[in-house]
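Have the sequence and the 3D view open as you go.

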Amino acid sequence: PILASAHASSCIRLWSIQGNLMKELLPFSEHPSGPLTALCTDIFTKILLAGSKKGHIICWNMASFLEDSQNSKNEIKEEICWRAHATEVVDLFIEEEKNVVVTASIDGSVRLWHAMTGYYFGYFGQARKFELSDTSRLILPSDVNDFPAIIKEETKHTEKKKVKYPLMLDRDK
């Protein structure tokens with residue numbers, strides 16, 4: 001078993017059942033996701049989804065890491081990030097049989113998305129039926145204008161180097 005905790009720093013921490021920190025995850029995308037407000041996994045805990053205060057959904061693939069968490073080569077890969085709502089995501093879950101993510105926001109909307117691509121299917125209460133088989137139509141909700149960002153495997157976090165720039169007066173310069 002693994003425990004996951006989401007934090008205001010956009011960090012997810014994975015813990016062993018004994019309370020030992022196993023891994024820290026930071027989202028890698030063009031847009032900062034903000035504080036994380038919701039977490040969920042699929043039934044087999046291969047996919048981890050996080051919702052943020054700024055309305056983003058971030059999806060990680062944890063399958064290889066969970067097979068052997070001691071092997072440093074088995075990384076958790078961020079696969080996709082998309083803006084699901086204009087405001088805070090308060091809950092989300094994945095429905096594996098239909099490959100759908102359901103998100104809820106403080107704005108009162110509940111929306112459906114394709115789990116692997118972030119394509120928008122619609123919202124609960126709409127007049128038309130959900131068409132879950134057609135992921136070719138790239139549409140967005142009216143309050144969101146960012147398309148899903150698929151994260152490439154070769155993309156890696158860059159380590160922040162601590163560099164000191166002391167404020168010193170150099171009269172020669």
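Which pattern does the protein follow, read along the sequence? The order is β-β-β-β-β-β-α-β-β-β-β-β-β.

## Ground rules

This is a predicted model, in which local features need pLDDT of at least 70 and side-chain atom pairs count only at pLDDT 80 or more, while totals for chains, interfaces and linings use all residues. Residues are numbered from 1 along each chain as its sequence is written, and side-chain values use heavy atoms, with hydrogens and water left out.

## Overall fold

The protein has one helix and 12 strands; these are DSSP runs numbered from the N terminus, with helices (H or I) of at least four residues and strands (E) of at least two. Of its 173 residues, 35% count as buried (buried means under 20% relative accessible area, exposed over 50%, and partly exposed in between, with a 1.4 Å probe and protein chains only).

Contact here means heavy atoms within 4.5 Å. Among contacts with a separation of 6 or more, 41% come from residues 24 or more positions apart.

## How confident is the model?

The average pLDDT (the predictor's confidence in each residue, from 0 to 100) is 79, and 74% of the residues score at least 70. Over residues 154–163 the pLDDT is below 50, and this stretch has five contacts in the model beyond near neighbours in sequence. Where pLDDT is low, the predicted coordinates should not be read in detail.

## One salt bridge

The count of salt bridges comes to one, a salt bridge being a side-chain nitrogen of Lys or Arg within 4 Å of a carboxyl oxygen of Asp or Glu. Arg 13 and Glu 24 form it through their side chains, at 2.7 Å from N to O. Arg 13 sits in strand β2 (residues 12–16) and Glu 24 in strand β3 (residues 21–25), so the pair ties together parts 11 residues apart in sequence. Arg 13 is partly exposed at 22% relative accessibility, and Glu 24 is also partly exposed, at 44%.

Thr 103 is found in strand β9 (residues 100–105) and is buried, at 1% relative accessibility. Its side chain makes polar contacts (N or O atoms within 3.5 Å, one able to donate a hydrogen and the other to accept it; residues adjacent in sequence count only if both atoms are side-chain atoms) with the side chains of His 85 at 2.7 Å and Trp 113 at 3.1 Å. Leaving aside neighbours within four places in sequence, Thr 103 is in contact with residues including Ile 57, Asp 91 and Val 110.
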